[in-house]
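Q: I have a structure open and want to learn how to read its features. Can we start with charged pairs?

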Amino acid sequence: QVQLVESGGDLVQPGGSLRLSCTASGFSFSNYGMSWYRQAPGKERELVAAISNGGGSTNYADSVKGRFTISRDNGKNTVYLQMNTLKPEDTAVYYCNVRLLRVGQIVNYWGQGTQVTVSS
């Protein structure tokens with residue numbers, strides 16, 4: 001079955017950095033684009049960054065452009081989110097996501113999430 005396991009969340013001071021990892025299994029990782037989402041308390045889940053299956057195309061939410069970098073290692077079935085110059089408003093649970101075609105329908109798969117807290 002499809003599994004997405006995130007790690008790397010932590011408490012960090014404003015201006016600090018973190019790198020999140022998401023290791024995938026149960027599907028052909030190199031064939032699919034991957035995304036990172038986040039959800040802050042009381043807010044809707046939002047797209048943070050996405051990367052194409054080969055890694056050649058990326059896109060970012062305006063709020064993280066220039067600070068976050070998404071990347072992937074298809075040999076390790078892992079997608080990363082490097083987060084620099086973190087701000088308190090980046091505090092959220094971060095989720096890894098993949099959309100797969102299953103029985104003619106697009107199905108969203110999510111990891112369990114990893115908590116990122118930016119606070120002094």
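Q: How many salt bridges does the structure hold?
A: Side chains of opposite charge can pair when their charged atoms come close. This is a predicted model. The structure holds four salt bridges.

Q: Which side chain meets Arg-38 in a salt bridge, and at what N to O distance?
A: Asp-90 does, at 2.9 Å, N to O. Look at where the two partners sit. Asp-90 is in the loop between β8 (78-83) and β9 (92-102), and Arg-38 is in strand β4 (residues 34-39). The pair therefore ties together parts that are 52 residues apart in sequence.

Q: Are Asp-90 and Arg-38 buried or exposed?
A: Buried means under 20% relative accessible area. Asp-90 has a relative accessible area of 0%, so Asp-90 is buried. Arg-38 is at 6% and counts as buried too.

Q: Which other salt bridge does Asp-90 make, and with which residue?
A: The side chain of Asp-90 also meets Arg-67 in a salt bridge, at 2.7 Å from N to O. Arg-67 lies in the loop between β6 (58-60) and β7 (68-73), while Asp-90 is in the loop between β8 and β9, so this pair joins parts 23 residues apart in sequence. Arg-67 counts as buried, at 9% relative accessibility.

Q: Which residues are linked in a network of salt bridges?
A: Follow the shared partners. Arg-38, Glu-46, Arg-67 and Asp-90 are linked in such a network.

Q: With which residue does Asp-62 form a salt bridge?
A: With Lys-65. Their closest N and O atoms are 3.1 Å apart.

Q: Now the rings. How many aromatic pairs are there?
A: A pair of aromatic rings is described by the distance of the centres and the angle of the planes. The count comes to four aromatic pairs. One of them is Tyr-37 with Trp-110, an edge-to-face pair. Their centres are 5.0 Å apart, with 75 degrees between the planes. The pair links distant parts of the chain: Tyr-37 is in strand β4 and Trp-110 in strand β10 (residues 105-110), 73 residues apart.

Q: What other aromatic pair does Trp-110 form?
A: Trp-110 also forms an edge-to-face pair with Tyr-95, at 6.4 Å centre to centre and 85 degrees between the planes. Tyr-95 lies in strand β9 and Trp-110 in strand β10, so the pair ties together parts 15 residues apart in sequence. Tyr-95 is buried, with a relative accessible area of 13%. Trp-110 counts as partly exposed, at 34% relative accessibility.

Q: Which residues form one aromatic cluster?
A: Phe-27, Phe-29 and Tyr-32 do.

Q: Where do charged side chains lie over rings?
A: Check the distance to the ring centre. Arg-45 lies over the face of Tyr-95, at 3.8 Å from the ring centre. The charged end of Arg-72 sits over the ring of Phe-29, 4.3 Å from its centre.

Q: On to strands. In what order do the four strands of the open sheet run?
A: The order is β1-β3-β8-β7, and the pairing is antiparallel. The edge strands are β1 (3-7) and β7, since each pairs on one side only. Neighbouring strands are turned by 15 degrees against each other on average, direction ignored.

Q: How many bridges join β1 to β3?
A: Five, and the two strands run antiparallel. Val-5 has Thr-23 in β3 as its bridge partner.

Q: What does β8 pair with?
A: Strand β3 (residues 18-25) and β8 pair in the antiparallel sense over six bridges. Cys-22 has Val-79 in β8 as its bridge partner. β7 and β8 also pair in the antiparallel sense, over six bridges. There, Ser-71 stands opposite Tyr-80 in β8.

Q: How many residues lie between β7 and β8 in their hairpin?
A: Four. Asn-77 in the turn has a positive phi of about 50 degrees.

Q: Why is β8 described as largely enclosed by the rest of the structure?
A: Because five of the six residues of β8 are buried.

Definitions and conventions: Residues are numbered from 1 along each chain as its sequence is written. This is a predicted model: local features need pLDDT of at least 70, side-chain atom pairs count only at pLDDT 80 or more; totals for chains, interfaces and linings use all residues. Side-chain values use heavy atoms; hydrogens and water are left out. Buried means under 20% relative accessible area, exposed over 50%, partly exposed in between (1.4 Å probe, protein chains only). Rings of Phe, Tyr and Trp (its six-membered ring) pair if their centres lie within 6.5 Å; planes under 30 degrees apart count as stacked, over 60 as edge-to-face and the rest as tilted. A charge sits over a ring if NZ of Lys or CZ of Arg is within 6 Å of the ring centre and within 35 degrees of the ring normal. Two strands pair if DSSP finds at least two bridges between them. Axes are lines fitted to C-alpha atoms, for helices over the stretch in contact, and angles run from 0 to 180 degrees between N-to-C directions.
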